[in-house]
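Hi,

Here is the structure I promised to pass on to you. Have a look at it first, and then read my notes below.

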2 protein chains.
Amino acid sequence: MVKAKVFVYANRFDGFPKESDIQLVEEELPPLKDGEFLAEAEYLSVDPYMRGYAPALKLGTTFIGGQIAKVIESKNANFPVDKYVFGSFGWRSHTISNASSLSKGRVDIPPHVLPDFKGLSPSLGLGVLGMPGNTAYFGFLELCQPKPGNTVVITGAAGAVGTHVGQIAKLKDCKVIGIAGSDDKGKWLKEELNFDHFINYKTENIRESLKEVAPKGVDCYFDNVGGEISSTILGQMNRFGRISVCGAISAYNDNKPTKASIVQGHMALKELKMEGFIVTRWADRWMEGINQNMQWVQEGKIKYRETITDGFENMFKAFTDMLKGVNYGKAIVRAKALVK
Amino acid sequence: MVKAKVFVYANRFDGFPKESDIQLVEEELPPLKDGEFLAEAEYLSVDPYMRGYAPALKLGTTFIGGQIAKVIESKNANFPVDKYVFGSFGWRSHTISNASSLSKGRVDIPPHVLPDFKGLSPSLGLGVLGMPGNTAYFGFLELCQPKPGNTVVITGAAGAVGTHVGQIAKLKDCKVIGIAGSDDKGKWLKEELNFDHFINYKTENIRESLKEVAPKGVDCYFDNVGGEISSTILGQMNRFGRISVCGAISAYNDNKPTKASIVQGHMALKELKMEGFIVTRWADRWMEGINQNMQWVQEGKIKYRETITDGFENMFKAFTDMLKGVNYGKAIVRAKALVK
């Protein structure tokens, strides 16, 4: 008899999430049926989208999220014991899966055995070689359509997706401007990741700084935050500029609708194109993104960083730290202590 | 010696335009050179975009706009005397043109002799068979990509562009919901123009009314107004919905940036696509739009209405009436009194 530890979405977030909103419970798992396997979480993901989707989630169910787990028992030949799998199993230590998607939602990629990461940590399947990596690859290349010489602005630039987008933009010969909330992050983006410029939204006037570092205007904007910062950037865009809307972190924790200067004037006068996306739209091209990112990582063209919180029981802290912007690159939880 | 009456942009609009912002002056025109022609205005256009572009216009120059004029003297074989021409000549009674674009701006279509309107008024070259007609034709069909059975919402629905978009949407077998500011306009849209539903934004709760008349959500949104109304509509859109941003009338007369609930959350979660445009982007397909609209008008499939103000000297009143939403369909000025 296996007991799973499960974080249940107990109370709807009201503003910034409180620890009591998520409840840790134990669940007894039944014996496996044919076609099923039992997976034990090794790495769990905390991502901004979890806060964004929270208003639509059902209370009393496992809180959402992807994890890298090891198959520890199996009655499914496609999921052999000891293989690492990715699964959108949610915040839980042990999961019985029949390999189909758990959720009917659109955030889900079916469970699958990780491809050969060639010596790299399986945890990268939650980051640079997983959903955030594909979010950057498809969301930026498909919707921003960057051309050599274009000026690209990225908000949430120091997160898992932002750092990745910036590096792809450099590979495409673009000028890259990252916006984030600390000078130390900026130093990292410029010195390690080759960003051309950094703007600290907490201490700088974005409009003025942008005019200085992007005097010819902005062609592509990869938007993780929404709100007033985005309106300001739209005001600096060039005709036929492209905006890829990945998220709206700036507003996730507001109770009432966040207001910002309207975008429609800029959209019309400059003939801008803005498109929002959820990365699972490209589910049928999933491995194309993973393989390209893996090649770039192996060639040293895409660098990554993980901010690791130890202990499954610290999921909530890792989640709220990420929402506060504590992380550099991908925020993950290593369940180790529990995995033993 | 011909004297032209010219409205000059004298003082930058500060909020709602004041009569003193535009100044009527007389200008002596020189004799024609080879390649030039002299045109006398018969119909002049007043459009929302004039307010939208005003902040970018140069003071002391002729205020912008299109007109239908008659060639009264010519040294250009392509512009024979007595022909009607369309020209972006601005608010002026007489114009010497060498047939090239006057402005370097993007709002300009080069002067051209009107095609044969087959007995219809040449004034339609400012409306249903001119720029507003093409704005509806290209801006809606190209950017909203309507499919049979789609639900289409239009703001500024009773204006020249809005009425036209709604009727094209009906021709494409869509369900059409118009939003405007008076029940009398709504009656006209439903009874004469075959709109399925009407919402009065001044007296109704748009969110509630929209839920009622579009219970399956909104697929296409043709946006003339921007601002909070648009944010509300985005909140009711379906996955992969398309938004064509034609203008932002709601904000044109505000001194400071208008704020509204942010759009990025809806954009990302519902994977919406929003694109702004200026109709001259389709200059190379201009006659395709004119000819299609002419065919629809002749077949009785597109109805139009003109709100005519008499007298060139009343340009400013016609302009501000249009900004206040007094007009049904296309607002124009008939220069007649002056024309002889």
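A:Met274 sits opposite B:Met274 in S14(B). The two strands involved, S14(A) and strand S14 (residues 273-276) of chain B, pair in the antiparallel sense over 3 bridges (strands pair if DSSP finds at least two bridges between them; strands, E, of at least two residues and helices, H or I, of at least four are DSSP runs, numbered from the N terminus).

Before you go further, keep in mind that this is a predicted model: local features need pLDDT of at least 70, side-chain atom pairs count only at pLDDT 80 or more, and totals for chains, interfaces and linings use all residues. Residues are numbered from 1 along each chain as its sequence is written, while chains are lettered from A and ligands numbered from 1 in the order in which they are written.

Back to where the chains meet. Here 32 residues of chain A are in contact with 32 residues of chain B (contact means C-beta atoms, placed from the backbone, within 7 Å). On the chain A side, H6 (227-234), S13 (259-261), H8 (264-269) and S14 (273-276) each supply at least two residues. H8(A) gives the largest share, with 5 residues.

Last, how do two helices of chain B pack? Helix H2 (residues 131-144) and helix H9 (residues 286-298) do so at an angle of about 100°, with axes 9 Å apart (axes are lines fitted to C-alpha atoms, for helices over the stretch in contact, and angles run from 0 to 180 degrees between N-to-C directions). H2(B) and H9(B) are therefore roughly perpendicular (65 to 115 degrees; under 35 is roughly parallel, over 145 roughly antiparallel, the rest oblique).

Cheers

Note on methods. Contact = placed C-beta atoms within 7 Å.
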